[in-house]
Amino acid sequence: EQPITFFTVCTKNRRRVLAHPEIQRVLLDLWQKSGELDGWYVGRYVIMPDHIHFFARAARDAKKMADWVKMFKSVSSRRISAITNETGGLWQREYFDRYLRRADSYAEKWSYVVENPVRAGLVERADLWPFAGEIWRLEF
């Protein structure tokens, strides 16, 4: 079975444009279709104002990770720029990925990431942050 991959992708110049319902809909739409189209199944996610964290697992015949992330960033950038009326690209070129090979590492990473909005002073409790959730249930 393929490992779960933890991703962090930041906006260019750390622009704070992501924590918005319309932008969440764009990202969720892409992530929901990604499994069927690209073989990448997105599990839990947290959308912060200037970056996103999400977990995904590739199917055996999935697109290569770099190609999938490049496509995701390109399509989401175009769609989100149409909402924000900003030009010049949305995402930083690089991104962070890390393989998780055990259920406990997934649980630990999620419990840390889901608290990001609290640590950033955006909400008092993690369950109050509207820009987090789960698309596919990824299990070990």
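Asn13 is exposed, because its relative accessibility is 66%; exposed means over 50% relative accessible area, buried under 20%, and partly exposed in between, with a 1.4 Å probe and protein chains only. The model is a predicted one, in which local features need pLDDT of at least 70, side-chain atom pairs count only at pLDDT 80 or more, and totals for chains, interfaces and linings use all residues. Residues are numbered from 1 along each chain as its sequence is written, and side-chain values use heavy atoms, with hydrogens and water left out.

Back to Asn13. It sits in the loop between strand 1 and helix 1. Most residues other than glycine have a negative phi. Asn13 is not a glycine, yet its phi is positive, about 55°. Arg14 is not a glycine either, and has a positive phi of about 50°. Arg14 lies in the loop between strand 1 and helix 1, and counts as partly exposed because its relative accessibility is 38%.

Next, Leu18. Is Leu18 buried or exposed? Leu18 is buried, because its relative accessibility is 0%. Leu18 also belongs to the loop between strand 1 and helix 1. Contact here means heavy atoms within 4.5 Å. Beyond its neighbours within four places in sequence, Leu18 has contacts that include Ile23, Ile47, His51, Ile80 and Trp91.

His51 is in strand 3, and is buried because its relative accessibility is 10%. Its side chain makes a polar contact of 3.4 Å with the side chain of Arg14, and another of 3.1 Å with that of His53. A polar contact is a pair of N or O atoms within 3.5 Å; within protein, one must be able to donate a hydrogen and the other to accept it, and residues adjacent in sequence count only if both atoms are side-chain atoms. Outside four places in sequence, His51 touches Thr8, Val9 and Asn116, among others.

Now the sheet. Which order do the strands take? The order is 4-1-3-2-5, in an open sheet of five strands with antiparallel pairing. Two strands pair if DSSP finds at least two bridges between them. Strand 4 and strand 5 (132–134) are the edges, each pairing on one side only. Neighbouring strands are turned by 20° against each other on average, direction ignored. For angles, axes are lines fitted to C-alpha atoms, for helices over the stretch in contact, and values run from 0 to 180 degrees between N-to-C directions. Strands 2 and 3 are joined by six bridges in the antiparallel sense. Helix 1 packs on the sheet, touching strands 2, 3 and 5, with its direction at about 160° to that of strand 2.

Last, helix 2, residues 65–84. Its 20 residues should span 28 Å at 1.5 Å a residue, and the end C-alpha atoms are 27 Å apart, which agrees. The expected span is 1.5 Å times one less than the number of residues. Buried residues in helix 2 include Trp68, Phe72 and Ile80. Among the elements covering the buried residues of this helix are helix 1 (21–38) and strand 4 (96–100). Just after helix 2, Asn85 has a positive phi of about 60°.

Note on methods
Helix = DSSP H or I, 4+ residues; strand = E, 2+ residues; numbered from the N terminus.
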